[in-house]
Amino acid sequence: MAQMLDKIKERLQGLKGLTSALARPRHVLGVDIGSYAVKVVLMAAEKGIPMLKAWGYLPLGLGPEASAEERKARATDVLRAFIAENGIGLKESATSLSGNSVIVRYVKFPRLAPSEIAAVLATEAEPFIPFDINEVQLGFHVLGEAMEEGQKKTELVLVAAKKELVSARLEILQNAGLNPAIIDVDSFALENVYEKRRGPATPGGAILCLNIGHSVTNFSVMENGVTRVVRDIFISGGTLTKAVMKALQVDAAKAEELKRAHGLVLDAAQTEQALKAGSHEILGVSQALAAVIKDLVAELRRSVDFYLSQGSERTIGQVLLSGGTAKLPHLAEHLSVELKVPVSIVDPFAFLQRPPADLPAAMAPAFAVAAGLALRRYGD
Ligand SMILES: Nc1ncnc2c1ncn2[C@@H]1O[C@H](COP(=O)(O)OP(=O)(O)OP(=O)(O)O)[C@@H](O)[C@H]1O
Ligand SMILES: [Mg+2]
């Protein structure tokens with residue numbers, strides 16, 4: 001087992017998003033392994049028309065106290081069961097990473113041919129990586145050439161993921177009977193989905209993508225379809241649930257229910273309405289949520305300001321929300337007011353000619369990363 005993992009890890013070295021050097025399979029199963037749920041997406045083209053063939057939202061049903069081993073075992077179990085129940089024969093799979101064991105850096109190296117980069121990667125990358133270089137798996141993607149101090153440089157995006165995390169993910173896929181073909185970064189997987197949305201109507205300015213899940217909010221900025229900034233913020237759905245638990249003295253299941261039912265109360269009129277209805281619970285919930293969202297907005301502003309300060313031409317034209325928390329009632333409106341840009345919630349399946357009939361619309365945004373992974377074979 002360990003030997004096999006080493007082999008795979010070797011193969012993963014050196015390509016975009018820690019990806020294998022093997023020829024890309026025609027289809028891949030998109031598997032997004034989150035801290036709250038595993039999301040699975042299978043797409044295939046029928047007579048050239050892309051179709052959603054299978055999907056699964058597989059909650060882990062674990063509390064914050066669950067150990068890494070428990071999470072791994074549960075993710076493997078739900079994934080294996082899903083594959084068996086749906087008779088999925090495709091083994092090739094794509095998954096992605098984010099969180100504090102993954103670092104994405106935009107760097108300039110001395111000008112090199114792509115084939116030469118792999119050889120110097122570890123040495124050149126070391127100053128940019130806050131982890132021990134021996135403990136990380138490196139990947140890169142060449143963005144283009146740039147001039148710096150009169151010298152031609154190769155501009156690239158560097159990804160470093162702790163080996164521990166990479167092998168844990170590979171083991172989940174393998175133990176579920178899958179063959180890991182692509183390992184990506186959550187925010188990069190979104191590119192594929194957003195590429196499908198782009199059209200002549202795209203407003204000016206960059207797109208700010210917020211994938212708000214359970215443990216982490218993936219913040220990224222996309223310019224003309226290419227991600228230019230990636231950052232993870234550790235304020236997310238789980239933080240909201242915890243705040244409701246504390247404020248209302250309820251357990252996690254009840255807090256989850258209250259959070260989804262009430263969300264944020266936006267304005268004075270809505271507050272008054274809630275008071276009239278005698279619903280102090282609504283106000284308690286939304287106050288607890290609002291305090292967390294305030295912290296999130298402060299973090300978002302800081303990151304947006306930093307992005308804008310790096311170039312005089314830079315503007316943010318719109319915000320796209322995805323992840324399970326995107327559906328928090330009134331969140332999109334609230335963020336739009338706070339950030340002063342239009343905010344929309346992404347349906348990663350909107351591009352399909354035949355929308356999936358059995359997938360509840362409210363769940364769609366949670367599939368953005370998994371759908372992006374499943375689309376890997378189209379884009380690259
Ligand atoms: N309608 C809803 N309103 C508010 N929150 C919701 C709603 N539906 C789901 N959520 C929240 O979304 C989160 C799960 O989303 P998602 O599946 O994107 O997370 P994840 O990918 O497992 O987490 P992560 O990537 O952060 O590890 C949970 O915190 C859940 O409470
Ligand atoms: Mg997630």
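Reader: Which residue is the bridge partner of V221 in β11?
Author: V229 is the partner of V221 there. This is a predicted model: local features need pLDDT of at least 70, side-chain atom pairs count only at pLDDT 80 or more, and totals for chains, interfaces and linings use all residues. Residues are numbered from 1 along each chain as its sequence is written, while chains are lettered from A and ligands numbered from 1 in the order in which they are written.

Reader: How many bridges join β10 to β11?
Author: Seven, and the two strands run antiparallel. Strands here are DSSP runs of E, at least two residues long, and helices are runs of H or I, at least four; both are numbered from the N terminus. Two strands pair if DSSP finds at least two bridges between them.

Reader: What sits between β10 and β11?
Author: Two residues, in a hairpin. N224 in that turn has a positive phi of about 50 degrees.

Reader: And which way do β9 and β10 run, parallel or antiparallel?
Author: Antiparallel, with six bridges between them. β9 covers residues 206-212. A hairpin of four residues links β9 to β10.

Reader: What are the bridge partners of N218?
Author: N211 is paired with N218 of β10. In β11, the partner of N218 is D232.

Reader: Switching to S187. Where is it found?
Author: In helix α5, residues 186-197.

Reader: Why does S187 count as buried?
Author: Because S187 has 26 C-beta neighbours inside 10 Å.

Reader: Which residues does S187 touch?
Author: Leaving out residues up to four places away in sequence, S187 touches S98, C209, N211, N218, S220, T227 and V230. Contact means C-beta atoms, placed from the backbone, within 7 Å. The C-alpha atoms of S187 and S220 are 6.4 Å apart, and the two residues are 33 apart along the chain.

Reader: New topic: ligand 1. How many residues surround it?
Author: 22. The closest are G34, S35, G213, G237 and G324. A residue counts as near if its C-beta atom, placed from the backbone, lies within 6 Å of the molecule.

Reader: Which elements give two or more residues to that shell?
Author: α6 (237-248) and α7 (252-262).

Reader: What classes make up the shell around ligand 1?
Author: Six nonpolar, twelve polar and four charged residues. Nonpolar means Ala, Val, Leu, Ile, Met, Phe, Trp, Tyr, Cys and Pro; charged means Asp, Glu, Lys and Arg; the others, Gly among them, are polar.

Reader: Which domains does the shell draw on?
Author: At least three residues come from each of domain 1 (2-101 + 164-199 + 347-379) and domain 2 (237-339). Those bounds come from an automatic or database domain assignment.

Reader: How many residues are in contact between domain 1 and domain 2?
Author: Nine of domain 1 with ten of domain 2. On the domain 1 side, eight are nonpolar, one is polar and none is charged.

Reader: Back to phi. What is the value for Q249?
Author: Positive, about 55 degrees, although Q249 is not a glycine. Q249 lies in the loop between α6 and α7. Q249 is exposed, with 9 other C-beta atoms within 10 Å.

Reader: And E149, where is that?
Author: In the loop between β6 (136-148) and β7 (151-162). Phi of E149 is near 50 degrees, a positive value in a residue other than glycine. E149 counts as exposed, with 6 C-beta neighbours inside 10 Å.

Reader: Last one. How many helices and strands does the chain have?
Author: Twelve helices and 13 strands. Buried residues make up 39% of its 380 residues.

Terms used. A residue is buried if 20 or more other C-beta atoms lie within 10 Å of its own, exposed if 12 or fewer, and partly exposed in between; C-beta atoms are placed from the backbone. Two residues are in contact if their C-beta atoms, placed from the backbone, lie within 7 Å.
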